[in-house]
Structure formats: C-alpha cells, structure tokens
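I opened this model to look up a few local features and wrote down what I found. The entries follow in the order in which I checked them.

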Amino acid sequence: MSAESIAALDGPFSTRQLLRLDEALRVADQQTGLTFSVYLGELAEPTRESAEQLHRQLEGAASAVLVAVSPNQRILEIVTGSDARKRISDRDAKLAALSMSAAFAGGDLAGGVLAGLDQLASHAGRH
C-alpha cells in the first residue's frame, strides 16, 4: 500500500466516497474539457490568496477549476482560471458554493463536494 493510500484511509472520506469523487472529477473533466481539482485541508491566511496560489500550481491553470475546502476553518474557495472563468461565472460559482455549504452544514462533506462539482460542470457546459 502506498503512502497516499494510507493517507487517504486516515482522511475524512470512505473508500467508496473517494471513488465517487474520483469518478465525478473524471466525468467533469471529460464533459467540459476543463480540469477540476479538489483540495481538502488547511488554507493559510489570507485563505483566498492561499487557494489562488494552489490553483496556480495546477497544470493548465487557465482551464482549471479548484474547489478548496477547509472544514476546520469553515472555509470554501472556488478558484477558476482565465479560460474557465469565461464558462463559469462568479454567480455560478456562488450558487455551487451555497449548495455545497448547505450539505457541509448537514455533515455531508463528500456529498457537498460532489454536488458542487456537478453544478460547476453543468454551468461550464460541454466542450
């Protein structure tokens, strides 16, 4: 078992949830032609700048969408690259964030992320 596998077992998601998240990311990427990523963990202050820095590290950042969630800080940031922003408006991202936040408040971290990815991909449309 790799170190990543062991780390995943210690994380907040079950193996089934991780598989569902992986599938949701793959489908969102394929349907939209954008690259979707999820970061789960602490964000340095200021959190928006921290999320933007993580986004810049992604390959093909211009067409990437990062959903950064820090449950302990109760922070959610959605960062879109310049190309992705043409297809996902700030309003679209805010709507996705609202539905994610509602799921998080109900204790459903994985469900919230899945719902957010689905909404963001739907707003982006097919490529």
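**Entry 1: Ser50**

I checked Ser50 first: its relative accessibility is 14%, so Ser50 counts as buried, the cut-off being under 20%. The model is predicted, and I read every value here as computed from it. Ser50 sits in helix α3, which runs over residues 47-56. I then listed its contacts, leaving aside neighbours within four places in sequence, and got Leu43 and Ala44.

The peptide bond from Glu45 to Pro46 is cis, and its omega is near -10°.

**Entry 2: helix α2**

Helix α2 covers residues 15-32, and at 1.5 Å a residue its 18 residues should span 26 Å; the end C-alpha atoms are 26 Å apart, so the two agree.

Which residues of α2 are buried? I noted Leu21, Leu25, Ala28 and Thr32. These four cover an arc of only 65° around the axis, which means that they lie on the same side of α2. An α-helix has 3.6 residues a turn, so residues three or four places apart point the same way. The exposed residues on the other side of α2 are Arg16, Leu19, Asp22 and Gln30.

I also looked up what covers the buried residues of α2, and the cover includes β1 (35-40) and α6 (109-124). Just after α2 comes Gly33, with a positive phi of about 80°.

**Entry 3: Arg74**

I went on to the loop between β2 and β3, where Arg74 is placed. Phi of Arg74 is positive, near 60°, and the residue is not a glycine.

**Entry 4: the largest pocket**

I kept the largest pocket for the end; the space in it is about 250 Å³. Arg74 turns up again in its lining, along with Val69, Ser70, Pro71, Ile75, Leu76, Ser101, Phe104, Ala105, Gly107, Asp108 and Leu109.

Which elements each supply at least two residues of this lining? They are β2 (64-70), β3 (75-80) and α5 (90-105). The largest share comes from α5, with three residues. I sorted the lining by class and got seven nonpolar, three polar and two charged residues.

Methods. Residues are numbered from 1 along each chain as its sequence is written. This is a predicted model: local features need pLDDT of at least 70, side-chain atom pairs count only at pLDDT 80 or more; totals for chains, interfaces and linings use all residues. Side-chain values use heavy atoms; hydrogens and water are left out. On a 1 Å grid over the protein atoms alone, a cavity is a set of points where a 1.4 Å probe fits but cannot get out, and a pocket is an open set with protein on both sides within 12 Å along at least five of seven lines; lining residues have an atom within 4 Å of a point. Grid points are joined across faces, edges and corners, and a volume is the space filled by probe spheres set on the points. Ala, Val, Leu, Ile, Met, Phe, Trp, Tyr, Cys and Pro count as nonpolar, Asp, Glu, Lys and Arg as charged, and the others, Gly among them, as polar. The expected span of a helix is 1.5 Å times one less than its number of residues. Buried means under 20% relative accessible area, exposed over 50%, partly exposed in between (1.4 Å probe, protein chains only). The arc is that of the directions from the helix axis to the C-beta atoms. Contact means heavy atoms within 4.5 Å.
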